[in-house]
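Welcome, and please open the model in your viewer. We will go from stop to stop, selecting a few residues each time.

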Amino acid sequence: MAQAEREQLRVVMFPWLAHGHINPYLELARRLTSASDHGDLDVTVHLVSTPANLAALTDQQTDRIRFVELHLPPLPDLPPALHTTKHLPPRLMPVLKRACDLAAPRFGALLGDLRPDVLLYDFLQPWAPLQAAARGVPAAHLSTCSAAATAFFAHRLGDSGGRPFPCEAMRLGTPEEEAKYTELFVLREEDPNALVSERDRLLLSLARSSGFVAVKTCAEIERPYMDYLSELLGGKEIVPVGPLLVDDSAAGGDGAETDRGVMRWLDGQEPGSVVLASFGSEYFMSEQQIAEMARGLDLSGVPFVWVVRFPKSSAGDEGEDDEYGGAARALPRGFTPARGLVVEGWAPQRRILSHGACGAFLTHCGWSSVMESLAAGVPMVALPLHIDQALGANLAADLGAAARVPQERFGEFRAEDVARVVREVVRGEEGKALTLRRRAAELREVVARNDADGAQVGDLVRRMARLCGKGQRAAAPN
């Protein structure tokens, strides 16, 4: 169809104010706007976030992907530079949520100006679909978490009647233990001044989604959890949009130099001999955790790339010239990474996992990290530390692609256990180690097939078109 005859489908995306949420939304925007099989529809996307988040993404705008600034109201201790989860002290997370909630009228005004056909929104903003509905715009929830974790928390926060989670592999103990876990990691940030209760955010976001809920996942991996989530939502369809793997090979500035240095180091290592240790883009290990991790990596005898993050140092620390940069200065006294490479802040995770020298991934099991490890065919050493990561670790282990580091309490671990499990996964020549590597290789094919499957994106476009009555194929069956 000639370009002039093609109908425009205008989509507004509103992810939570964290780069771990923004990046999958942005990757989906790229796929929505670049795919050529949308029939008579051309898709344009406006991605809404705060200036603090968008400042680092300006070079990723295109003619069809535009960024829109949402200015949050000022609150004590929360200047505009902290209108993002990056470098945000944990005590200010409830304040950031409150500021975002207070921005609901401003977001509604943006929708009025942009006049989109559809809104895709995240789970922490259950008021976003209400703002859209007030302007006649249908809205669908897009989850960047696994279907398993979403179903687990929907089960625990909803009317489960004290029943255990039905998928045994994902259980975290007795129903009482699961309730305690949910209280600790979902409801601990309950703010007496909150406009939206923490208990209600996820449930309302799911309930207010028009027609379906989209999830960053692969049906071949998460079908039982998708089915149960649908059951919890009264039959609402769960639509997988694929793993939405983000290409990290085009990092610029300091990232490019880090990329080159890490790759050069990996090129000098034996195939399958290295463990990548990384625990998420927005989590700071405690001093005790850092000490145990350093000793565990040292005891393992396995070459490693360890990506560490610390709170911002004083201005006087910037630019000091030592072999390992700021990371080495903050590591335990006496720790010398003779067998490994310590990288502070950021490293090209997908490129490291895909390198032939990488034999295992010591990970917190955040959902994006799990998917990236599976995409590379690299077995995981699972060490969850925060929020939904225990569920990601359970899922990875149930898939047969991860070995767990023992933990008596969530977030606590011993160096000796880290060393033992890393050695088993990287150097084991029989039994569980071989099974893990074979299973990781099998799942690599599954994830690669789903990531390359443009039909999932096309299906999402058709569903969005049906919501707003656009496109000649809007009413066509799947």
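Select Ser209 and His141 first: a polar atom of the Ser209 side chain lies 2.8 Å from the backbone nitrogen of His141. This is a predicted model, in which local features need pLDDT of at least 70 and side-chain atom pairs count only at pLDDT 80 or more, while totals for chains, interfaces and linings use all residues. Residues are numbered from 1 along each chain as its sequence is written, and side-chain values use heavy atoms, with hydrogens and water left out.

Stay with Ser209, which sits in the loop between α8 (198-207) and β6 (212-215). Helices here are DSSP runs of H or I with at least four residues, and strands are runs of E with at least two, numbered from the N terminus. Is Ser209 buried or exposed? Ser209 is buried, at a relative accessible area of 4%; buried means under 20%, exposed over 50% and partly exposed in between, with a 1.4 Å probe and protein chains only. Now show what touches Ser209: apart from neighbours within four places in sequence, Ser209 is in contact with Tyr121, Ala139, Ala140, His141 and Lys236 (contact means heavy atoms within 4.5 Å).

Next, select helix α3, residues 93-102. Nine of its ten residues are buried, so α3 is largely enclosed by the rest of the structure. The buried residues of α3 pack against β1 (7-14), α4 (104-114) and α8.

Now for the rings. The whole structure has six aromatic pairs; rings of Phe, Tyr and Trp (its six-membered ring) pair if their centres lie within 6.5 Å, and planes under 30 degrees apart count as stacked, over 60 as edge-to-face and the rest as tilted. Select Phe107 and Trp127, an edge-to-face pair at 5.9 Å centre to centre, with 75° between the planes. Phe107 belongs to helix α4 and Trp127 to the loop between β4 (118-121) and α5 (128-133), so this pair ties together parts that are 20 residues apart in sequence. Both Phe107 and Trp127 are buried.

Move on to Phe165 and Tyr228, whose ring centres are 5.6 Å apart with planes at 80°, so this pair is edge-to-face. Phe165 lies in the loop between α6 (147-157) and α7 (175-185), and Tyr228 in helix α9 (residues 219-232), so the pair ties together parts that are 63 residues apart in sequence.

Note on methods:
A polar contact is a pair of N or O atoms within 3.5 Å; within protein, one must be able to donate a hydrogen and the other to accept it, and residues adjacent in sequence count only if both atoms are side-chain atoms.
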